[in-house]
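These are my notebook entries on a structure that I looked up today. I set out the points in the order in which I checked them.

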Amino acid sequence: MTDLKMGQISRRDFIKLSSGSTVALLLGFSINRCESRTQIDEFSFEPNIYVRIGSDDTITIVMPRSEMGQKVYTALPMILAEELEADWNKVRVVQGDFNPVFGSQTTGGSASIRTHYNRLREAGATARMMLVLAAATKWGTPPDNCYASEGYVHLKGTRKKLSYGSLAALAENVEIPEQVILKDPKDFKIIGRSIKSLDTAYKVDGSLDFGYDLTLPGMLTAVIKRIPTFDGSVVDYDDSKTMEVPGVEAVVQVSSGVAVVAKDTWSAIQGRKALDVTFDGGPSAHLNSTDIREKMLNALKHSGEVLRNDGNINVAQKKANKSLELLFEVPYLDHAPQEPNNCTAHFYDGLCEIWAPTQNPGASFEAAKSITSFEDSKIILHTLRMGGAFGRRLAADYTVDAVELARHFSDPVKVVRTREEDIQHGTYRPATVHLLKAGIGENNEALYWKHTVSGPQVGWHGTITGGAPDLAYAIPNVNVDVVMSPFPVPTGPFRSVAHTQNGFVNECGIDALARLAGQDPYAYRRELLRDSPRHIGVLDLVAEKSGWGKDLEPGHARGIAVHYSFRSYCAMVAEISQEKSGKFRVHRMTAAIDCGQVINPDGVWAQVEGGIVMGLTAALHGKITLENGRVLQSNFHNYPILRMDEMPVIDIHIIKSEEPPTGVGEPPVPPTPPALINAIAALTGEYITRLPING
Amino acid sequence: MLTKVSFQLNGKQVSVEVDPNTPLLWVIRDTLGFTGTKYSCGMGICGSCTVHIDGKTAKSCITPIASVANKSVMTIEGLAKDGLHPVQQAWVDEEVPQCGYCQPGQIMTAVELLKNNPNPDDAEIDAAMKGVLCRCGTYQRIRKAIHVASGEVQDD
Ligand code: FES
Ligand code: FES
């Protein structure tokens, strides 16, 4: 992109990477349609990297994070607009390109709002104060005589007002205030309201472009015949038939396999079909899920790294009146975002320009750097819209594909994945097994809890243990440890990461313990959470709203769960029944969440709905199996995701809070499977501890 | 072998010269530049690529281009006469989309449902919509939006 105006994010603190590197992508518009829109800005006041105020009154808010359906493009602007006292109808959003000036641009860990709440409030307030000062100067009055509201600065006691746009040029020369005065949350007009997403119309009329939709002049499209095993290699290939396929331009070997580059997607796919590649399966060509399971079960016999040790577990085990032992098993899972992974790269004039639908532009940038050995200023990275991500797009493998390939061409090359490739070449949620031993004393009081996590070797054990050591229940003797075994299967964070496993273990475990003690699972939890008012808050709310303890339709049962993750508290009640076929039907999910100060309630509801659906999919259907070193599943017929006819009614309740805002995208996932399984246990007396439920 | 195929796309006559087996999806997207119709599974099981052919829904990823010769194809871009179609409007009012990727397919499917059955109940909605996947999990809002749009869709 050459439109510098568009790229000028900040006049003061912006570090220019290169002349064309700072372009932001307009919401709802493809890159090609970008310029026409920016020309509206005749002049813009840019008090900081996050906001530009145009002389035409438009407020352009620059997104430091990426949008994948979680609606940060609405929630983050709301925070800034609140403090700015902006007219919401004048707000538009652009995606900030990769740029160190933003700090981490990784969208993950349900952290966008938490980490940007203060920053964006300050950015908005600073701009507001500068506009007020500009107006005061113009009116020759102290700034205290002026106030800002809905896009105007007003002169107190008069009808005089000046629009932000008309003050833009003046404000440009105002000193940045040393002390930022934030609004009293009681005066919030935007934060806390359900505001519609700014871009929904583009999502329903087909005009919103995702990475897969990117079209650039002269662009080529490629698919890769990938090395099917995790550590295999290409021995040889014969592209003679491929080169005869109309539309195919070239065949190039890259590190992930052999790429077929064509004029369009279908020709590339046809060319790939005709391609004959001999692979070497590599050391793990015989790997299968049964072996992995066997190894993880064996590892349970060894003592692992102790993550928590309260009281004396050995003494407690001997003292227990009654005990239980449960073995939990969960499979590998693929994120399967609706839009398969893809990435586009273009080499020209010594530059490498990349268009990546990514949660992690930093990782993609680093990958491009290490492939090209270009200096930072020669790599331009645009973050594109994602059709879902759920943690999958934290990796950079798609960018590696595009950069490795595009360097051989002078035209831009888009590398797309077909669904099969995407499912079979994932960064999977690790499979794990868990041994839980727990027991109660003379008076049915919870006495001990011993949880061993066994899973694949991961960079940081938290990726498989998160949520295990921080069990919130007041149990006097707790021991949690982890053993890891090396498997060559690529893994990565999946929405709520290890809380998907440990929320399941903790919440089915405590439920089973309540039953062992002959007590109501809600009351039992409540008592053991007596020191954690925020846990109790969501638990009580979900119990009340779900009608816990009240009569149910015959054949129905309820299960409850509560879990803390990503600094938020989420409780869930599932209501289920069993069909004649033996299948379980989920009728209703009631959720309560405490995520501190809520920015956009509707956005929270949407994320909780999505988290529940993802949790149900994992509990009922999700399974990646390995056979002969490769992933068996390939598409939605053998890797099913929840369908409309399995969809329960979802009822969501949010705790009112003025605590700082915390995560929303991930916290609803962990309590969902255990609520469902605990409901099944209430109906059948059996805890299903091996997922997925439907095999 | 390239073949010339003529059909109507969103009310306009178009003609392309492609391999007759090319799925309609790729012709619409790559040859004709209408990217509102999405690829997600390529085997007719997710519904993201749903379009209307002569008024009926079809999975464009498994529809060979030769089979639409002289037929009328409508994509998400052609749905509204002006502004938004009532179903699209209901989608906006109910704030249905999360990422939005599946939504063109959801909407095209919902439009057909409402044409055939102006006031579907939940079970009828489930039956009609179960072939369109949404990994983000917007199903509850889709149900609601279909109810909101009930009675608003004319068969034309
Ligand atoms: S892409 Fe056609 S049905 Fe999935
Ligand atoms: S809204 Fe993302 S897949 Fe449906």
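At what angle do helix α11 and helix α12 of chain A pack, and how far apart are their axes? I worked on a predicted model, in which local features need pLDDT of at least 70, side-chain atom pairs count only at pLDDT 80 or more, and totals for chains, interfaces and linings use all residues. Residues are numbered from 1 along each chain as its sequence is written, chains are lettered from A and ligands numbered from 1 in the order in which they are written, and side-chain values use heavy atoms, with hydrogens and water left out.

Entry: helix pair in chain A. I find α11(A) (residues 361-372) and α12(A) (residues 397-406) packed at about 35 degrees, with axes 9 Å apart. Helices are DSSP runs of H or I with at least four residues, strands are runs of E with at least two, and both are numbered from the N terminus. Axes are lines fitted to C-alpha atoms over the stretch in contact, and angles run from 0 to 180 degrees between N-to-C directions. I record the crossing as right-handed, that is, the near helix is turned clockwise from the far one by less than a right angle. From α11(A), Ser364(A), Ala367(A), Ala368(A), Ile371(A) and Thr372(A) meet residues of α12(A), including Tyr398(A), Val400(A) and Glu404(A); contact means heavy atoms within 4.5 Å.

Entry: chain B against chain A. I note 49 residues from chain B and 58 from chain A in the contact. The buried area is about 4600 Å², of which carbon and sulfur atoms give 56%; this is the accessible area (1.4 Å probe) lost on putting the two parts together, summed over both. In chain B, Glu95(B), Gln98(B) and Arg135(B) lose the most area to chain A, together 19% of what that side buries.

Entry: salt bridges. I count 5 across this interface, each a side-chain nitrogen of Lys or Arg within 4 Å of a carboxyl oxygen of Asp or Glu. One that I looked up joins Arg141(B) to Glu609(A), at 3.0 Å from N to O.

Entry: backbone of chain A. I see a cis peptide bond from Leu691(A) to Pro692(A), with omega near 0 degrees. Pro692(A) lies in the segment after α19 (672-684). Lys71(A), although not a glycine, has a positive phi of about 70 degrees. I place Lys71(A) in the loop between β4 (59-63) and α3 (72-84) of chain A.
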